[in-house]
Amino acid sequence: MLKRAHYWVLGAVVALTLVLLNLPPLAAGRLRTGIRSLFLPLFGVSGAGQSFVDRASFSALTRASLISEIERLRLTNQWLQVAADQGRDALAENDRLRALISWQPRAPWKLRAANVIAREPTTWWRTATLDFGSRDGARPNQPVLTSAGLVGRLREVEPTQSQVALIGDPECGVSVVVVETRDPGVIQESRSAPDPDGLVVMRTLQHSPATMAGHHVVTSGLGGVFPAGIPVGQVVDTRSVDGGLFTEARIRLGANLNQLEEVWVVAP
Amino acid sequence: MSWIPTIALFLVAWLAAFAQTQFRPVVGWLETPVAVLPALMVYAALTHPLPAVACLAVFAGLSLDALSAGPLGISVLPLFAIGFVLHLRQHLILREQAYAQAWLGAAAGVAMPLGTWVLLELGSHTFITGPFLIVQFVILGLLNGAVCPGVFRTFDAIRNVFDYQPLAETSFRPDREIVRGRR
């Protein structure tokens with residue numbers, strides 16, 4: 001038997017829930033930022049703890065292993081310098097050819113480093129939180145990537161933090177193109193469990209029999225969010241859907257979304 | 001009643017919501033968050049008054065929603081529903097028994113994501129859903145069922161330390177008192 005106090009409490013909680021769910025986006029965003037600020041001390045402690053663990057692990061390394069690591073990085077740096085010089089020459093040639101046919105030159109990417117400080121606490125979305133906010137130059141819809149490939153886009157930006165919608169999240173559709181066949185497609189939201197192999201589904205805009213396993217997929221530049229040419233992944237397999245009208249391909253992402261630590265944000 | 005056990009409960013809920021963003025253990029081929037808020041809600045419902053249960057549901061639900069990409073307030077009602085139902089029936093529940101605590105924790109672990117899923121569907125929000133959710137619900141139920149007895153032990157220990165101890169009964173009975181002299 002419910003007492004009057006029970007009805008009051010029940011009514012208050014239901015009313016509060018309805019108010020919160022129907023808040024205007026701006027008010028909801030400010031309230032969310034305010035509540036998140038309660039967790040800033042914990043983010044700080046977590047970051048300090050991670051730094052302490054990293055420093056402790058460094059002190060366990062031997063001198064010989066450090067020297068071999070430095071040597072390996074020196075050789076990699078030299079190789080990357082040569083590759084970067086070749087890339088600059090190719091970019092300059094590309095700009096000259098674009099100017100000849102009156103095309104606009106491509107703006108180079110400006111990358112800003114950020115650390116992943118939190119992951120989505122539920123299973124309904126795929127997001128991550130970065131320690132890169134509007135005070136650092138973050139803006140909504142900026143692409144996020146790693147050296148291995150595309151990760152997602154900035155979904156919400158706060159003064160000191162940003163939330164990234166990862167590939168596979170309902171709010172992160174990516175327009176892509178298969179490099180070898182130039183078939184355009186769209187990477188859709190995931191309808192399966194987060195795959196440890198990092199597989200997502202791409203649906204091409206038309207039947208694409210030439211697309212096959214091993215082909216590389218990059219962003220197409222369509223939609224205005226992701227610049228063209230960002231590596232996304234590699235085709236694993238394909239199948240025809242909707243009576244052969246479209247092709248669905250499973251893509252193994254280049255970036256490992258389960259082990260994100262440092263990312264790059266493409267900032268203007 | 002001392003306020004310290006209640007404050008400790010809210011503090012643990014705050015830490016539990018943050019822990020869900022940090023620890024993402026892979027169970028087989030599924031990635032399930034370490035969600036123990038339902039177990040905390042079970043304890044609160046069986047040991048605290050209803051206003052405290054409501055405050056915990058609002059605080060924990062808003063904390064979880066603020067850290068996630070979901071709409072603010074979506075987790076409040078499922079948590080409160082668990083606490084409300086258990087609070088109404090707390091006089092019938094064998095709350096001192098570990099197996100009862102485990103079963104209640106398991107049921108709450110399944111009920112909370114299920115309730116959230118229902119609210120997301122009713123609100124026509126876009127979210128990831130699929131058959132894998134059934135296995136995740138089972139995992140969350142097992143996790144909360146395992147954690148719930150530990151929550152009861154821990155907070156009962158805190159209550160014993162900081163709360164007033166119940167007065168032990170003495171052998172004195174006023175009706176058996178020997179009255180000497182004239183009345």
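The largest nonpolar core in this predicted model has 93 residues. Those with the most contacts inside this core include Val151(A) and Ile167(A) from chain A, together with Leu37(B), Leu40(B), Met41(B), Val42(B) and Ala57(B) from chain B. The helix α3(B) gives the most to this core, namely eleven residues.

Which residues does Leu40(B) touch, leaving aside its neighbours within four places in sequence? The list holds Leu9(B), Val12(B), Ala13(B), Ala16(B) and Val151(B).

Now turn to the place where the two chains meet. Here 39 residues of chain A are in contact with 41 residues of chain B. On the side of chain B that touches chain A, at least two residues each come from α1 (4-22), β2 (30-31), α3 (50-67), α4 (76-88) and α6 (132-162) of chain B. Which of the elements supplies the largest share? That is α3(B), with ten residues. Sorted by class, this side of chain B has 28 nonpolar residues, eleven polar ones and two charged ones.

Chain A deserves a walk of its own. Four helices and twelve strands make up its list of elements. Six of the strands form a closed barrel, which you can trace in the order β1-β2-β5-β4-β3-β12 of chain A, with antiparallel pairing. On average, neighbouring strands of this sheet are turned by 45° against each other, with direction ignored. As background, strands of a sheet pair through backbone hydrogen bonds, either parallel or antiparallel.

For a closer look at one such pair, find strand β2 (residues 127-130) and strand β5 (residues 162-166) of chain A, which pair in the antiparallel sense over four bridges. One spot to check is Thr127(A), whose bridge partner in β5(A) is Ala165(A).

Finally, step back and view chain A as a whole. Its C-alpha atoms fill a box of roughly 75 × 60 × 35 Å along the principal axes. The radius of gyration of chain A is 23 Å, whereas a compact globule of 268 residues would have one near 18 Å. Buried residues make up 29% of the 268 residues in chain A. Among the contacts in chain A with a separation of 6 or more, 55% come from residues 24 or more positions apart.

How values were computed: Residues are numbered from 1 along each chain as its sequence is written. Chains are lettered from A and ligands numbered from 1 in the order in which they are written. This is a predicted model: local features need pLDDT of at least 70, side-chain atom pairs count only at pLDDT 80 or more; totals for chains, interfaces and linings use all residues. The radius of gyration is taken over C-alpha atoms; the globule rule is 2.2 Å times the number of residues to the power 0.38. A residue is buried if 20 or more other C-beta atoms lie within 10 Å of its own, exposed if 12 or fewer, and partly exposed in between; C-beta atoms are placed from the backbone. Two residues are in contact if their C-beta atoms, placed from the backbone, lie within 7 Å. Two strands pair if DSSP finds at least two bridges between them. Axes are lines fitted to C-alpha atoms, for helices over the stretch in contact, and angles run from 0 to 180 degrees between N-to-C directions. Ala, Val, Leu, Ile, Met, Phe, Trp, Tyr, Cys and Pro count as nonpolar, Asp, Glu, Lys and Arg as charged, and the others, Gly among them, as polar. A nonpolar core is a set of buried Ala, Val, Leu, Ile, Met, Phe, Trp, Tyr and Cys residues joined through C-beta atoms within 7 Å.
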